[in-house]
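Trainee: Could we go through the salt bridges in this structure together?
Mentor: Gladly, let's take a look.

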Amino acid sequence: MPTKEVGRYSVTYLQILDESGIVDKELEPVLTKDQLLFLYKTMVQARKLDAKMISMQRQGRLGTFAPVKGQEASQVASAMALDQDDWMFPAFREAAAYLARGTDMKGILLYNRGSEEGNRTPQGQNNFMVAIPVASQIPHAVGCAMAMTIKKEQAACLVYFGDGATSEGDFHESLNFAGVYKAPVVFLCQNNQWAISVPRQRQTASATLAQKAIAYGFAGIQVDGNDALAVYAATKNALDKAKQGGGPTLIECITYRMEMHTTADDPSKYRSDEEVKAWEAKDPIKRFKVYLQQKNLWDERQEAKLQQDVDAEIEKAVQDAEAVPKRRVDEMFNYTFAELSPRLQEERDTARRYQIL
Amino acid sequence: MAKLTMVQALNQALLQEMKRDNTVVVLGEDVGKDGGVFRVTEGLLNTFGEQRVMDTPLAESAIVGTAIGMAINGIKPVAEIQFSGFAYYAYPQLEAHASRIRNRSRGRFTCPLVVRAPYGGGIRALEHHSESKEAIYAHTPGLKVVIPSTPYDAKGLLISAIRDPDPVIFLEPKRVYRAIKEEVPDELYTIPIGKANIIKEGADCTVVSWGAAMKTTKEAVEEIEQEGKSIELIDLRTISPFDEEAIIESVKKTGRLVIVHEAHKMLGLGAEISAIVNEKCILSLEAPIIRVTGYDVVFPFFELENEYLPSAKRVKDGITEVLAY
């Protein structure tokens, strides 16, 4: 039986700034000095806030959380590509993306102190809340993007998830919907190599995660997720395409989770120190600093001042967050529905009588 | 005013509300060209076009998940799940997100969507097409659950559900879809969510039901009344948050209560109603509360479905037992 080829597909890999900080001049995206410094500063903020939060968690001052160390470029550079009217849909490890979108550190800390107040996105910002069930936030970004099409808005959605999420049904259903409706959405997969203890190669037999987009009728691209310039360029390009009616894109950022899955996890059970060390050489912040220095935009004096400023900013945010008094029990009831049902009013009254002061 | 079936009344509600409010959209499997497998969305595609009447790929979780994404961005989606037996695939989206978005964001984002699904038995359907699982949704804080029992109620309640600021699960008893016709006003009207309908007042016993079981219950009540008893019949209309006050006030008057539902007895809504009556007016009770319900078995293939569903005879015997106590 003769056969004929009915399709041929390829996936490209993009790196602009290599591990040592050498930039590919032809691919270098056009960013202003302010944008470049914002990118660097936000990555440093995220790295330092992360470290502070781990120590606070160990002291019992924060709940369990998912550290971001190692993924700063994937998050900050992609979030920076968003316009004000665009929407961002995080998973649960996106503190750096939140910082890039203007969420204050106090809000992040409040969330991790067990208060929904930390999720209260300021009016005018289209940042959705932390989504914990893996991949479950992906359809929201697609639906929000479909609404943009219906409302004829010139905007797009960006949704974050990890390598593990690509095994979930919601990932596949969402990409399928996005392809069918040509929704203006960018799927940003942070392939950080580990879904708790399960390595990337046990998650799927696919050679890349990016290629999964091809099955749904749109492009997938792999980028060096520790290269802020490549992440920015790929995301900006995908967002522009989406806003021009070009439909969705899947971006697979190759990165690494340098810390534990969450503060409740012990990665020494499943991965070696050598592996972690090898990734330290590919650190996203280190190479970006070299890049800034080579462009004569950064020196050690500025570095020392930034470190000092960020430390002070974190200290202030911690003080502010810890000064917020515990909320009254009413807060537990007030947002169940627009109006409290008679039963909820009764239960609230009971809770008030037993409020632990 | 015209005499309409429940399917026609629901169709009219969607048509009129979509004309009134251009943010209302319909999405689901076969809701466009086919007009829905029960024809509830018939004609909407021609009137409103593909952007507002979306034939979706076959994926319940994404139907509800994308509806959530639309709802948070100013669109009012009415998602159809073809049969409630397939809605479990979408339940994680309802439980983890739709029900929690207002709370999680402190009211910054809300999720005003409607998920419609035909539910319940009695139409000789295949497996997974006959269950009554309203209690699952009622057990999920942040979701409202509405079940109409007549064409008139269906139209008014669906319009209320679409206008509601929170997510509403709207279960349509398919046994009633074409079984009865009644006068339905031509214009838009609403029926409040959370309020029961006292179908008839009575003095000797309160009977509470909803959905398709209302019809059987009415037959039983009529027979009992012919024997000289006076029954207060309540159609709950909203399963969550349900109208406790209407039931309590009624039981205080009659001293007796029978609850009829198609769902399994174990943790069905009857259990909750019974518990609330015990908590709030046990001293008014002259007899134990009786629940006439589906059995705690897998819903049978249709050869035996009428053995599973509460029959008028079973309901009548339940009421008789309570009256005789």
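Trainee: Is A:Arg343 buried, exposed or partly exposed, and what is its relative accessible area?
Mentor: This is a predicted model, so the value is computed from predicted coordinates. Buried would need under 20% and exposed over 50%. A:Arg343 falls in between and is partly exposed, with a relative accessible area of 27%.

Trainee: Which residues are linked with A:Arg343 and B:Glu272 in a network of salt bridges?
Mentor: Side chains of opposite charge can pair when their charged atoms come close. Here the network also takes in A:Glu346, B:Glu244 and B:Lys280.

Trainee: Which residue meets B:Glu80 in a salt bridge, and is that partner buried or exposed?
Mentor: B:Glu80 lies in strand β4 and its partner in strand β5 of chain B, so the pair ties together parts that are 36 residues apart in sequence. B:Glu80 is buried, with a relative accessible area of 4%. The partner counts as buried at 1% relative accessibility, and the side chains meet at 2.8 Å, N to O. The residue is B:Arg116.

Trainee: How many residues apart are A:Lys236 and A:Asp240?
Mentor: Their side chains meet in a salt bridge at 3.1 Å, N to O. Both lie in helix α9 of chain A, about one turn of the helix apart, which is 4 residues.

Notes. Residues numbered from 1 in each chain as written. Chains lettered and ligands numbered in written order. Predicted model: local features only at pLDDT ≥ 70, side-chain atom pairs only at ≥ 80, totals over all residues. Heavy atoms only, no water. Salt bridge = Lys/Arg side-chain N within 4 Å of Asp/Glu carboxyl O. Helix = DSSP H or I, 4+ residues; strand = E, 2+ residues; numbered from the N terminus. Buried < 20%, exposed > 50% of the residue type's maximum accessible area, 1.4 Å probe, protein only.
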